[in-house]
Amino acid sequence: MRWLVVAAVSGELAALREVFTATVPRTHLGWASFDRGEIAGQETGLLKCGVGKVNAAMATVQAIASYRPEAILTIGSAGALIPGLEPGDVILGEQVVQHDVGYVRAGTFIPTGVVVYEVGARGRQQTRFAADADLLARAEWAAAAAGLAVRRGLVATGDIVVMSTTHKRRLVEQFEAAVVEMESGAIAQVAQAHRVPWLAIRAVSDTADESVVPGVGSTIDATDGPPHAVPSEQAEAAALLRAGIAAANRAAAAVALATIRGG
């Protein structure tokens with residue numbers, strides 16, 4: 001298989017499905033849904049892995065073992081961490097970091113990076129995972145050719161919904177991250193272990209100066225996410241976040257499509 005596109009929820013894959021031609025019936029890798037077909041004449045798999053690092057890692061391992069993709073794109077929405085990023089702006093993850101791995105000393109969280117293993121060697125700590133340089137260049141060129149604006153940046157991944165501007169600022173101070181989400185770091189670690197080139201394509205759903213109201217942050221995807229009733233006083237915030245997520249999903253998918261097409 002030429003391409004494997006991984007996303008947490010249905011909405012992040014919806015725009016690609018519009019140009020996707022299935023060649024075999026949908027299958028399931030455990031709980032994760034997998035569709036195999038073509039985009040722009042290239043064999044492509046669409047994997048909906050579920051939210052979070054463990055779900056993303058388990059589904060990606062199974063997809064690699066079953067279909068041997070030549071390249072992996074992880075796509076979807078992310079929260080902005082730095083000023084100047086607006087909903088729909090696209091970040092190409094030049095590097096990713098798992099921001100929630102570390103220890104607490106005297107009330108302060110100290111990030112350490114994850115422990116990675118290789119056959120015949122002791123485990124070692126790795127703080128960042130670097131995207132494939134050729135894929136990164138291809139995405140930049142293809143986006144420019146399609147008239148799509150992108151910029152490089154570091155993507156922070158963790159099993160934490162980052163709601164406050166204080167937490168956002170900490171991620172910038174500790175990692176110089178541009179956006180934060182919940183899957184790409186795990187997918188990158190799996191891809192590296194299996195020697196599969198990868199690239200994270202993430203688009204902004206909410207700005208760095210926005211504090212997401214508790215309960216509203218769970219409105220990521222109305223079809224996949226757990227049901228949460230949003231209080232009436234939070235309805236406007238929920239609507240804005242949903243609009244931002246929808247814009248982000250379209251933007252990330254558009255860059256992924258251009259990358260697959262090659263321009």
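Predicted model: local features only at pLDDT ≥ 70, side-chain atom pairs only at ≥ 80, totals over all residues.

Is Lys168 buried or exposed? Its relative accessible area is 1%, and because the cut-off for buried is under 20%, Lys168 counts as buried.

Which residues surround Lys168? Leaving aside residues up to four places away in sequence, Lys168 touches Ala80, Leu81, Val162, Asp206, Thr207, Ala208 and Glu210. With Asp206 there is also a polar contact, side chain to side chain, at 3.1 Å. Another pairing worth a look is Lys168 with Ile82: they are 86 residues apart along the chain, and their C-alpha atoms are separated by 8.3 Å.

## How H1 and H6 pack

Two packed helices are described by the angle between their axes and the distance between the axes. For helix H1 (residues 10–17) and helix H6 (residues 235–261), the angle is about 45 degrees and the axes lie 8 Å apart. H1 and H6 are therefore oblique to each other, and their crossing is right-handed.

## The residues in the H1–H6 contact

On the H1 side, the contact is made by Gly11, Glu12, Ala15 and Leu16. H6 contributes Asn249, Ala253, Ala256 and Leu257.

Definitions and conventions:
Residues numbered from 1 in each chain as written. Heavy atoms only, no water. Axes fitted to C-alpha atoms, helices over the stretch in contact; angles between N-to-C directions. Helix = DSSP H or I, 4+ residues; strand = E, 2+ residues; numbered from the N terminus. Parallel < 35°, antiparallel > 145°, perpendicular 65-115°, else oblique. Left-handed = near helix turned anticlockwise from the far one by under 90°. Contact = heavy atoms within 4.5 Å. Buried < 20%, exposed > 50% of the residue type's maximum accessible area, 1.4 Å probe, protein only. Polar contact = N/O pair within 3.5 Å; in protein donor to acceptor, adjacent residues only side chain to side chain.
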